Every structure is written in structure tokens, then in C-alpha cells.
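Q: Please take a close look at one part of this model, the sheet and what surrounds one of its strands. Keep it brisk.

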Amino acid sequence: MYISGVQTALPDHRYEQAEITEAFCQVTDADPELIKRFHEATGVRGRNLALPLEDYAKLDSFTRANDQYVDIALDLSERAARGALAKAGVDPGKVDLLVFCSSTGVATPSLDARLAQRAGLRPDVRRVPMFGLGCAAGAAGLSRLCDYLRGWPGHVALLVCVELCSLTVQRDDDSVANLIASGLFGDGAAAVVASGRGHGREVVATRSKLYPGTQHLMGWEIGEHGFRIMLDAGLTDFVGQVLGGDVRSFLADHGHTPEQIGTWICHPGGPRVIEKITESLGLPEEALAITWRSLREHGNLSSVSVLHVLQETRGRTGEPAVLMALGPGFSAELLLLHW
């Protein structure tokens, strides 16, 4: 599979982290000093949000939040899709498969049906909506594109990921997980155009890893309040225990070692997760510089983040690269690329 276009689309409402922290302190009963400490610890300097800060107080129900999700997610998805298609030089009518990933809102018909019509895709385009993969979905979506294009190498596939994490933050939840989430996650969309024949960034192998009995580490608790985040304190230690060995095994099966990988495209899950990835693989500090920058400038965009890092990465011709993301399940998605 060859990747010919990647485009990220961010909401127009941009705020410094201190502004977001101050606004959140005004709408929750949680300790302001605790909120500030958690927000500073994320390392995030600013984020783009779906709504103006003053409008979040109006989201007094899951229904209101989800209505906003549907409208804004569709707009951002269209921007990302059209941008990726333009970069790839592909007419929308040439797209044969649309994979759509999101975990921060719900809609039926799924948003990919509406997106296909707005973006000018054919009525017979194959659609695969994917929900619930969270932060891993950007990498998982690329893998599913690769699976499809192995069978249909002459086709064109489009992946679109959109997440409006800010609409899920709970104002009446003073749990550590919610306070961290309120300072870590941002909003955005990204799209990737790929084909089975071509040139550029080639995906040569993929692997999915599911860790049984770890569903408590990350996910949503879904109820009348909407999406309430679950983040277990043991998450980062678990990443440190298992990820290094699984990445090494994946690479060994394709004749590589971590030392031979020139480019690392990693999802910016948070400072401690990035540090655990670096430590477990013995990477130099600069290996994940773009991942760190994405986190600082935009926060964790869930499924969108790893695609944003991919967009910003410039590898050297012939150089092997690894793209990876972690998500609910608990799960890992690994891809081996060649520039």
C-alpha cells in the first residue's frame, strides 16, 4: 500500500493551555490547584477546540453535546478528506473505499454516509465505519486500508478519523482520569489517501495486538452523562512491560531491529506514555521529537494524532519506519513503512 496524501484539519477555536485551565476551573467543583497541576503535567501548551470556550457551559446534556459532535465532526472530516485528496491528486469520484473512525460521538446513519455525499464520493463507494478503537484507530484504519488494497491493488482507499474529545469532558466528575483528560485531549480530524500501486510512503507490514484482561486500563463508561473516561493508573507501567518486546518481535519477523529503524511515528498518548515507549525500545531522545511537538502544540487528538505525526514526518528514501498507536482493549497497532 502506498500513501499519497495526508491532511489534518483543526477547529478554528485556538486557546493556550492556561486559558482552558481557567475556564474549566470555573465550571467544576474540583480543586483549582489540582486541576492546574494536572494540566501543567500534560506538557500541552495549547489546543484547538470544537467550540468557543464560553459555549461549553451550554452543553447540559449528552444530546446537546452529541448534536454539536455531528455538525462539527462532519465539517472537519470534509476539510480533511478534500485536503488529502488534493494532495494526492485524486478526484473524489475515484475513491473505492472509505474507512471512517471516531470514538467521541455517535450517529446513524454513520457520518461516513453523509461525508461521502458532501465530499463527492461515488454512490457505490464501499464504507467501513469503525467505532471504539480510540487512540489506536488512526493506525488500525491504515492497517485495514492495507488489507483491502492487497486484494484490490488497483483501487483507491480513503481513511478519515475525527475526534471531538472536548465534548466528552465531564464537569461534575472530579476523578483523576477526568481532570487529566480535561488538560490532555484536543479536537481535530485527519484523512489519508492510499492505493495499492504507486510511489511514496509504502506500508509493507502490519500487526494488531490485543492484551486480554486489560479492558480496565482505558475506555469509556457510557451512560446518560455521555462518555466518561476511564484511565487506569497502571496504564503506563503496562506499556513499559509489554510494548518493547512486541515491537521487537514484529520487526524481527521482517528482518529488522529497533536500531535499524530511522523514523518513528508514534501516537502522543501523554508524557509518561511517550517516555515509556522511548525507554522500552532504547530510543535516542530525538527519535520522538515530532511526537513530543504534536503533544505540546495540539494535545492528544485520539485517533487523529498519529496521522498528524505522519503528516509532519519527513523520512529519507529507502529508510524503514515504524508507525504505532495504543488504544482501548488494551491494544497496540503496529505498521512497518518504507519511504
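In what sense do strand 6 and strand 7 pair, and over how many bridges?

A: Strand 6 and strand 7 pair in the antiparallel sense, over nine bridges. Two strands count as paired if DSSP finds at least two bridges between them. Helices (H or I, at least four residues) and strands (E, at least two) are DSSP runs, numbered from the N terminus.

This is a predicted model, in which local features need pLDDT of at least 70 and side-chain atom pairs count only at pLDDT 80 or more, while totals for chains, interfaces and linings use all residues. Residues are numbered from 1 along each chain as its sequence is written, and side-chain values use heavy atoms, with hydrogens and water left out.

Start with the pairing. In strand 7, Asp187 is the bridge partner of Leu164. Strand 4 (residues 97-102) also joins strand 6, through five bridges, and these two run parallel. There, Cys101 stands opposite Cys161 of strand 6. Strands of a sheet pair through backbone hydrogen bonds, either parallel or antiparallel.

Now the cover. Val156, Leu158, Val160, Val162 and Leu164 point one way. Ala157, Leu159, Cys161 and Glu163 point the other way. In a regular strand the side chains alternate between the two faces of the sheet.

Nine strands form an open sheet with mixed pairing, in the order 5-4-6-7-1-8-13-12-11. Strand 5 (126-131) and strand 11 (263-266) each have a single partner strand, so one side of each is left without a neighbour in the sheet. From one strand to the next, the twist averages 20 degrees.

Strand 12 (residues 320-327) and strand 13 (residues 331-338) pair in the antiparallel sense, over eight bridges. Pro320 has His338 of strand 13 as its bridge partner.

Axes are lines fitted to C-alpha atoms, for helices over the stretch in contact, and angles run from 0 to 180 degrees between N-to-C directions. Helix 10 (residues 305-312) lies across several strands, including strand 6 (156-164) and strand 7 (187-195). Helix 10 runs at about 115 degrees to strand 1 (2-9).

Methods:
Contact means heavy atoms within 4.5 Å. Buried means under 20% relative accessible area, exposed over 50%, partly exposed in between (1.4 Å probe, protein chains only).
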